[in-house]
Amino acid sequence: LVLFEAPLFGIGGEGIPDYARDLWHFPFHTTRDVAESLITGRERLYVEHFFTEFAYNKGAFDSATVEEYARLLARPGALRGGLEHYRAIEMSTEQIRTLARHPLDIQVFGYGGSHS
């Protein structure tokens with residue numbers, strides 16, 4: 001199992017931390033159909049916003065990279081699939097809390113950047 005920058009809500013805390021609730025995109029992404037309606041056709045603007053506003057190195061992604069992410073996000077089902085990750089956080093938190101009671105018997109690697 002390999003995890004990259006993946007918070008495991010439910011471990012080491014009581015659930016979803018306040019910082020996650022305070023980020024505007026968490027509740028936005030959980031609003032079914034509204035998020036899809038507002039992002040569809042504007043995938044490049046959406047992706048570019050996250051790459052320039054949330055990235056530690058705001059110049060790390062060139063235009064071609066932004067275009068590729070936007071192109072892939074515009075594929076049928078891709079946007080909804082990505083948003084469902086946020087919509088499942090509450091359920092995942094409970095599942096993780098329950099599953100954490102039993103240690104894994106496989107190798108686990110976790111990778112993260114110093115600036116998340």
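**Entry 1: Arg 87**

I looked up the side chain of Arg 87 and found one of its polar atoms 3.0 Å from the backbone oxygen of His 29. The model is predicted, so I noted its limits: local features need pLDDT of at least 70, side-chain atom pairs count only at pLDDT 80 or more, and totals for chains, interfaces and linings use all residues. Residues are numbered from 1 along each chain as its sequence is written, and side-chain values use heavy atoms, with hydrogens and water left out.

Arg 87 sits in helix α6. Helices here are DSSP runs (H or I, at least four residues), strands are E runs of at least two, and both are numbered from the N terminus.

Is Arg 87 buried or exposed? Arg 87 is buried, because its relative accessible area is 15%. The cut-offs are under 20% for buried, over 50% for exposed, and partly exposed in between (1.4 Å probe, protein chains only).

I also found a polar contact between the side chains of Arg 87 and Glu 36, at 2.8 Å. A polar contact is a pair of N or O atoms within 3.5 Å; within protein, one must be able to donate a hydrogen and the other to accept it, and residues adjacent in sequence count only if both atoms are side-chain atoms.

Next I listed what Arg 87 touches, leaving out residues up to four places away in sequence. Among them are Thr 30, Thr 31 and Ala 35. Contact means heavy atoms within 4.5 Å.

**Entry 2: salt bridges**

A salt bridge is a side-chain nitrogen of Lys or Arg within 4 Å of a carboxyl oxygen of Asp or Glu. By this rule I have nine salt bridges. Side chains of opposite charge can pair when their charged atoms come close.

I checked Glu 84 and Arg 32: their salt bridge is 2.3 Å, N to O. The pair links distant parts of the chain, 52 residues apart, with Glu 84 in helix α6 and Arg 32 in the loop between α2 (25-30) and α3. Glu 84 is partly exposed at 26% relative accessibility, and Arg 32 is partly exposed at 44%.

Then I checked Arg 80 and Asp 33, whose closest N and O atoms are 2.7 Å apart in a salt bridge. Arg 80 is in helix α6 and Asp 33 in the loop between α2 and α3, 47 residues apart.

Which residues are linked in a network of salt bridges? I wrote down Arg 32, Asp 33, Glu 36, Arg 80, Glu 84 and Arg 87.

I looked at Glu 48 and Arg 44 too, and their salt bridge is 3.0 Å, N to O. Both lie in helix α4, four residues apart, about one turn of the helix.

**Entry 3: nonpolar core**

A nonpolar core is a set of buried Ala, Val, Leu, Ile, Met, Phe, Trp, Tyr and Cys residues joined through side-chain atoms within 4.5 Å. The largest one has eleven residues, including Phe 28, Ile 39, Tyr 46 and Leu 79. At least two residues of this core come from each of α3 (34-39), α4 (43-53), α5 (63-73) and α6 (78-87). Helix α4 gives the largest share, four residues. In soluble globular proteins, nonpolar side chains tend to be buried together.

I picked out Ile 39. Leaving aside neighbours within four places in sequence, Ile 39 is in contact with Phe 28, Tyr 46 and Leu 79.

**Entry 4: His 115**

His 115 lies in the segment after β2. I noted His 115 as partly exposed, at 48% relative accessibility. Its C-alpha atom is 15 Å from that of Thr 52, 63 residues apart along the chain.
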